[in-house]
Amino acid sequence: PTIEERARNDYDSDRCSRVFLYLPDKFSDHGHGSQINTYIAGVLASAYLDRSMVLLEPPMEVSGYAGGSQFGCPVDAFHETVTKTTLATQADWHVREDFPMGLSRLVEHPAWRSGGCDVPCADYTYARWVGLYQMYHGRGEFKEFTCTNPDGTEANVVVAGGGKMLQWYREHGPRMTRFHPSQTTPEVAVRFAANLGATPQEAEMFSNMQGTKFIWDYTLGLMNRAGFLKFQPWVARDVDLFLKSFDLPMDEEYSAVHVRRGDKLAVEARDSVIQYWKGKLGAMGEASTFDPNNLPTDYVPFAHYLAKWDGPDKCLRDEDDKVQVTKHNVYVATDDPVVVQREIAELPNHTNDNTVLWNDCYLLTFYFNPTDASAFHLNGDGEGGFEDKSVEDSCFMRYHRNVASIADMMLLTKARTFIGEYNSNWGRVIRTMRVRLNVPVAKSDDGGEHVEPAQGVGSLTRTLDTRIAWGSGGERKPGL
């Protein structure tokens, strides 16, 4: 059985005595990447603290979003009330009371992290929990609260979410990766790994592991194997239907490029764009023309992403040493499709409108998300919403953007080769989702197969081919 099946079948009430109560709404005004990254940090923090992670969403009357979720409204969210005198066009739609709210409308939180526990102390209101959350100021240890459940059992609870939880996570990262062995016993590390789905052998190996990057990647490999990011059935269904509208051949291998521009380039990645053009103009012998306030473009050109493609030295050759042309489908995920498509049109060596011969032997055919190009961010034009404040949003439009973005995420995660950057949360989430555990299999003397541990900490995980086009190439701690 899988870790999820075991968690659902082997309910342990003791797991509900220590709860990590996560408030997703504290980051609900951010984009997909930021919210998923923060959720990842919550999964890791709760596993390290050996607490069951329970999600607490705001009730409809408190939610700041139409339909009760920042991820919009699938048709499944509603039940229709129609009277004999109601015309079909006047049907009254109401969100079902039992339908998930907030982040839970996107993510099916796994039982192996929730412990199958409900929100503790049912007599506490959402406002009361928020008040307890606000008592923690983001430094030192989480504040613990003990309350009594209706059945008389007690629950020890920490309330976390948003920026305050990320502050705790940053502060405690060294301890979680045992930079300070005196503060972390092997038993803590064993429990940490076991809470992420490690076998006893894996958990023991994890407790002896050294090296921050290796430790974090191993936790990601465990999480991905366990399936920590599972989308709700309606999201999975609608994403699958949406992907059927793509021109990209889904039954063939493909690579993917993620080009994030928009609001990220204005502030967060501005210095990296400036450094790119400073180096580019210098290499062209035009350093004297460099002006950080008057760049050739306010973004890194698409051609620079393609510079990360394999070079002519890796072209396949036949027995006569003749270069062989190989076909590659390339999916381009971007919030700036009109400009990127124009950049592709300006590339050399076109064989048709969306295909170019690159580096002598790679025939690249580009594909895009077929959705309306008016908005690609969950919140509109960026985390600040629509630039045109007269634009009316709805939970249906928000759900459409949600589905389009998750489709992009799925394609980027599964691509044979991913080219992107770590300046955006989206790029960092994709890298997280591409980490895998290595489990070498060797033949035994009797001809059967048995599993042997990988030799050397660096061989325990692998990351699917991921290439960074610009900006920092260093991986951050998962969730940041």
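Which residues have the most contacts inside the largest nonpolar core?

Reply: Those are F20, Y39 and M409, in a core of 88 residues. A quick word on the basis first. This is a predicted model, so local features need pLDDT of at least 70 and side-chain atom pairs count only at pLDDT 80 or more, while totals for chains, interfaces and linings use all residues. Residues are numbered from 1 along each chain as its sequence is written, and side-chain values use heavy atoms, with hydrogens and water left out.

A nonpolar core here is a set of buried Ala, Val, Leu, Ile, Met, Phe, Trp, Tyr and Cys residues joined through side-chain atoms within 4.5 Å; buried means under 20% relative accessible area, exposed over 50%, and partly exposed in between, with a 1.4 Å probe and protein chains only.

Take M409. Leaving aside residues up to four places away in sequence, M409 touches I36, L229, F231, W426, V429, I430 and M433, where contact means heavy atoms within 4.5 Å. There's also a second, separate core of 33 residues, and V259, L295, I344 and A469 are among its members. As a rule, nonpolar side chains in soluble globular proteins tend to be buried together.

Back to F20, which ring pairs link with Y136, F142 and W168 into a cluster. Rings of Phe, Tyr and Trp (its six-membered ring) pair if their centres lie within 6.5 Å; planes under 30 degrees apart count as stacked, over 60 as edge-to-face and the rest as tilted. The whole structure has 16 aromatic pairs. One of them joins F99 and W234, a tilted pair at 4.5 Å centre to centre with 35 degrees between the planes. That pair links distant parts of the chain, 135 residues apart: F99 is in the loop between strand 4 (92-95) and helix 3 (111-114), and W234 is in helix 9 (residues 233-243). Helices (H or I, at least four residues) and strands (E, at least two) are DSSP runs, numbered from the N terminus. F99 counts as buried because its relative accessibility is 4%, and W234 is buried too, with a relative accessible area of 11%.

Two other rings have a lysine over the face: K164 lies 4.8 Å from the ring centre of Y133, and K477 lies 4.4 Å from that of Y169. The test is NZ of Lys or CZ of Arg within 6 Å of the ring centre and within 35 degrees of the ring normal.
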